[in-house]
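Subject: Structure for your files

Hello,

Here is the structure I said I would send. My notes on it follow below.

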Amino acid sequence: MSATPERRALARPAVVSRVSDLIGYTPLFELCRTETGSRLLLKLEMYNPTGTAKIRMAREMVLDAEERGELRPGGRIIESTSGNTGLGLAVIAAERGYGFTAIVDHHACQDKLRGMKALGTELVYVVDDGTEELATAAREELAERMAAESGNAVFTEQHNNPANAVGYYPVAHELDEALDGRIDVLVGAVGTGGGLCGTARELRKRVPGVTTVGVEPKGSIAFGGPAHDYYQSGTGTPEGATIGALVDFDLIDEGVKVGDVEAFATARVVAARTGLLIGGSAGGVVHEALTRLPSLPPGTTMVALINDGGEKYLDTVFDDAWMNQRSLIDPAVEREVDEMLTKLRGN
């Protein structure tokens with residue numbers, strides 16, 4: 001895949017004519033630091049268009065499909081999505097004149113589904129009985145079949161598309177440039193594997209000694225069992241789904257699991273203590289980062305990839321009624337996270 005001008009990590013111009021020109025150069029936020037000078041920086045990918053990192057790889061997958069001749073003028077993009085990839089593809093499809101069909105289930109946050117529909121997306125539910133069960137395997141089977149049966153349509157197949165990982169190479173460039181190579185630990189969620197592994201692959205070319213920590217929900221199977229349902233959306237590999245080809249275990253030094261209760265408690269505490277809204281799975285990434293920060297060598301810089309913001313989860317993670325109905329609130333866990341963050345922030 002060639003590095004076309006549209007995909008190079010360039011400084012953002014003062015005036016743009018396409019929404020996709022706003023992708024990248026997202027800020028770094030110092031959440032906390034230890035007395036020994038180790039710090040936790042959050043790469044705030046919610047400052048991309050659609051409020052998510054995944055628009056990076058959505059654009060790359062479409063451009064790659066065009067270059068290979070799989071997507072032609074007037075064509076249709078088809079993808080299985082929990083929402084964020086679909087939002088990104090909806091933007092790119094609108095810009096480039098394609099139709100877009102998203103294969104979804106009711107596990108996705110409603111605001112993501114509403115957002116895709118507002119952007120002109122055709123939503124096709126793989127199950128329509130209102131169940132919240134994650135149906136990744138069934139979604140992908142339907143997306144593949146629909147693309148095969150349609151003329152001039154492409155299933156971008158995010159879980160196995162190499163362009164997914166390539167779309168995140170600019171994240172590595174941005175981190176290296178912003179920190180002048182002073183990055184020791186990279187922590188990120190593992191779903192398709194494109195975000196963490198794509199960033200890590202490119203970052204190691206510039207910072208060879210960086211350690212990579214992958215985070216998935218408890219119940220996900222990429223780092224082993226047991227498998228069970230979980231509520232963190234857009235991340236992990238549920239039972240019955242195949243681990244994506246982009247999950248490169250050679251690039252992940254350590255794989256860990258964080259439960260829904262801990263992930264959501266962290267997102268809620270970060271919001272209340274700092275005013276920063278982060279998504280539910282991002283809460284899991286931050287929980288793991290906060291837990292290990294005090295034990296790191298003095299002067300360590302750890303970066304956590306925050307894939308999306310919390311605005312899409314106001315009726316789930318940040319809604320007490322929704323959380324209580326699913327037994328996801330544990331005041332003791334929230335106090336523990338609050339105390340941990342208070343100690344590290346010094347307030």
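Threonine 266 has 0% relative accessibility and therefore counts as buried (buried is under 20% relative accessible area, exposed over 50%, partly exposed in between, with a 1.4 Å probe and protein chains only). Threonine 266 sits in helix α8 (helices are DSSP runs of H or I with at least four residues, strands are runs of E with at least two, and both are numbered from the N terminus). Not counting residues up to four places away in sequence, threonine 266 touches Gly283, Val286, His287, Leu290 and Val337 (contact means heavy atoms within 4.5 Å).

Before the rest, some notes on the source. The model is predicted, so local features need pLDDT of at least 70 and side-chain atom pairs count only at pLDDT 80 or more, while totals for chains, interfaces and linings use all residues. Residues are numbered from 1 along each chain as its sequence is written, and side-chain values use heavy atoms, with hydrogens and water left out.

Helix packing

Helix α8 (residues 260-274) and helix α11 (residues 331-345) have axes that come within 9 Å and cross at roughly 50 degrees (axes are lines fitted to C-alpha atoms, for helices over the stretch in contact, and angles run from 0 to 180 degrees between N-to-C directions). That makes α8 oblique to α11 (under 35 degrees counts as roughly parallel, over 145 as roughly antiparallel, 65 to 115 as roughly perpendicular, and the rest as oblique). The α8 and α11 crossing is right-handed (right-handed if the near helix is turned clockwise from the far one by less than a right angle, left-handed if anticlockwise). On the α8 side the contact includes Val261, Ala265, Thr266 and Val269, and on the α11 side the residues include Val333, Val337 and Leu341. By class, the contact of α8 with α11 has seven nonpolar, three polar and six charged residues (Ala, Val, Leu, Ile, Met, Phe, Trp, Tyr, Cys and Pro count as nonpolar, Asp, Glu, Lys and Arg as charged, and the others, Gly among them, as polar).

α1 and α2 pack at about 50 degrees, with axes 8 Å apart, and are therefore oblique to each other. α1 passes α2 in a right-handed crossing. Among the residues that make this contact are Met57, Ala58, Met61 and Val62 of α1, and Gly88, Leu89, Val91 and Ile92 of α2. The contact of α1 with α2 holds nine nonpolar, three polar and four charged residues.

For α2 and α3 the angle is about 15 degrees and the axes are 9 Å apart, which makes α2 roughly parallel to α3. The crossing of α2 past α3 is left-handed. Asn84, Gly86 and Leu87 of α2 meet Lys112, Gly115 and Met116 of α3. This contact of α2 with α3 divides into two nonpolar, three polar and one charged residues.

Cores

In soluble globular proteins, nonpolar side chains tend to be buried together. The largest nonpolar core here has 45 residues, of which Ile77, Phe100, Ile183 and Leu186 touch the most other members (a nonpolar core is a set of buried Ala, Val, Leu, Ile, Met, Phe, Trp, Tyr and Cys residues joined through side-chain atoms within 4.5 Å). The elements giving two or more residues to this core include α1 (54-67), α2 (84-96), β4 (99-104) and α7 (194-206). Another core lies apart from it, with 42 residues, including Met46, Ala282, Leu290 and Trp322.

Phenylalanine 100, leaving aside neighbours within four places in sequence, is in contact with residues including Arg76, Ile77, Leu89, Ala90 and Met116.

Alanine 200 is in helix α7 and is buried, at a relative accessible area of 0%. Leaving aside neighbours within four places in sequence, alanine 200 is in contact with Leu186, Thr212 and Leu251.

Backbone points to check on screen

Glycine 225 and proline 226 are joined by a cis peptide bond, with omega about 0 degrees. Proline 226 is in the loop between β8 (211-217) and β9 (254-258).

Asparagine 152 is not a glycine, yet has a positive phi of about 55 degrees; asparagine 152 lies in the loop between α4 (136-149) and β6 (153-155). Serine 327 also has a positive phi, near 55 degrees. Serine 327 is in the loop between α10 (320-325) and α11 and, at 60% relative accessibility, counts as exposed.

Regards
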